[in-house]
Amino acid sequence: MQRSLEQRMAIKFCVKLEKSAAEIIPMLKKAFGVDCLSDRQIFRWHKAFAEGLEDVNDENRAGRPSTCSSDDNVKRVRDLLNTDRRLSVRLISETLDITKTIVHEIVSESLGMRKVLKC
């Protein structure tokens, strides 16, 4: 993720120097090697910056949120754990219909519990 942000900044810089996308591609490939953006992505970002885009970050996309550890889910897990602290992550996951990884994240990070039964 950080590598692509660096590359977008470099593309933006080159656009300001009036370099073409075809000139930028070999420079990026030399600088970033195997981590280089694809030619298509370089052309896409070049076009966007040439048309006046200033932000180097990706636009927000529709779809599933990056995390499901919402305040509602945290409250549901906390309430369930208040009934029985010995519940496993798997059992909480099945009971609340939340993935095990999200339940583990909520229990360990949001609720600050250190000992978590993973089975």
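1. The axes of H1 and H2 come within 11 Å of each other and cross at roughly 145°. The crossing of these two helices is right-handed. The model is a predicted one, and the remarks below should be read with that in mind.

2. Which residues make up the meeting of H1 and H2? On the H1 side they are Arg3, Glu6, Gln7, Ala10, Ile11 and Cys14, and on the H2 side Ile24, Met27, Leu28 and Phe32. Glutamate 6, a residue of helix H1, is partly exposed, with a relative accessible area of 33%. The C-alpha atoms of glutamate 6 and phenylalanine 32 are separated by 9.6 Å, although the two residues are 26 apart along the chain.

3. On the overall make-up: the protein has six helices and zero strands. Read from the N terminus, the order of elements is α-α-α-α-α-α. Of its 119 residues, 32% count as buried. Taking contacts between residues at least 6 apart in sequence, 54% of them join residues at least 24 apart.

4. On confidence: the average pLDDT of the protein is 86, and 87% of the residues score at least 70. Where is confidence lowest, and where is it highest? It is lowest in helix H6 (residues 100-110), with a mean of 86, and highest in H2, with 95.

5. The largest nonpolar core has 14 residues. Ile11, Ile24, Leu28, Ile42 and Phe49 are the ones with the most contacts inside this core. Helix H1 (2-16), helix H2 (21-32) and helix H3 (39-50) are the elements that give two or more residues to it. As background, nonpolar side chains in soluble globular proteins tend to be buried together.

6. What does isoleucine 24 touch, leaving aside its neighbours within four places in sequence? Its contacts are Ile11, Cys14, Lys19, Ile42 and His46.

7. Arginine 8 lies in helix H1. Is arginine 8 buried or exposed? Its relative accessible area is 4%, so it counts as buried, the cut-off being under 20%. Neighbours within four places in sequence aside, arginine 8 is in contact with Trp45, Phe49, Val56, Asn57 and Asp58.

8. Phi of glutamate 18 is near 65°, a positive value in a residue other than glycine. Glutamate 18 is in the loop between H1 and H2, and its relative accessible area of 71% makes it exposed. Phi of aspartate 97 is near 60°, again a positive value in a residue other than glycine. Aspartate 97 lies in the loop between helix H5 (89-96) and H6. With a relative accessible area of 71%, aspartate 97 is exposed.

9. Histidine 104 lies in helix H6, the helix where confidence is lowest. Why does histidine 104 count as partly exposed? Its relative accessibility is 27%, and the class of partly exposed residues falls between the buried limit of under 20% and the exposed limit of over 50%, so histidine 104 belongs there. How far apart are the C-alpha atoms of histidine 104 and isoleucine 92? They are separated by 9.4 Å, with the two residues twelve apart along the chain.

Key
Residues numbered from 1 in each chain as written. Predicted model: local features only at pLDDT ≥ 70, side-chain atom pairs only at ≥ 80, totals over all residues. Heavy atoms only, no water. Core = buried A, V, L, I, M, F, W, Y, C linked by side-chain atoms within 4.5 Å. Buried < 20%, exposed > 50% of the residue type's maximum accessible area, 1.4 Å probe, protein only. Helix = DSSP H or I, 4+ residues; strand = E, 2+ residues; numbered from the N terminus. Contact = heavy atoms within 4.5 Å. pLDDT = per-residue confidence, 0-100. Axes fitted to C-alpha atoms, helices over the stretch in contact; angles between N-to-C directions. Left-handed = near helix turned anticlockwise from the far one by under 90°.
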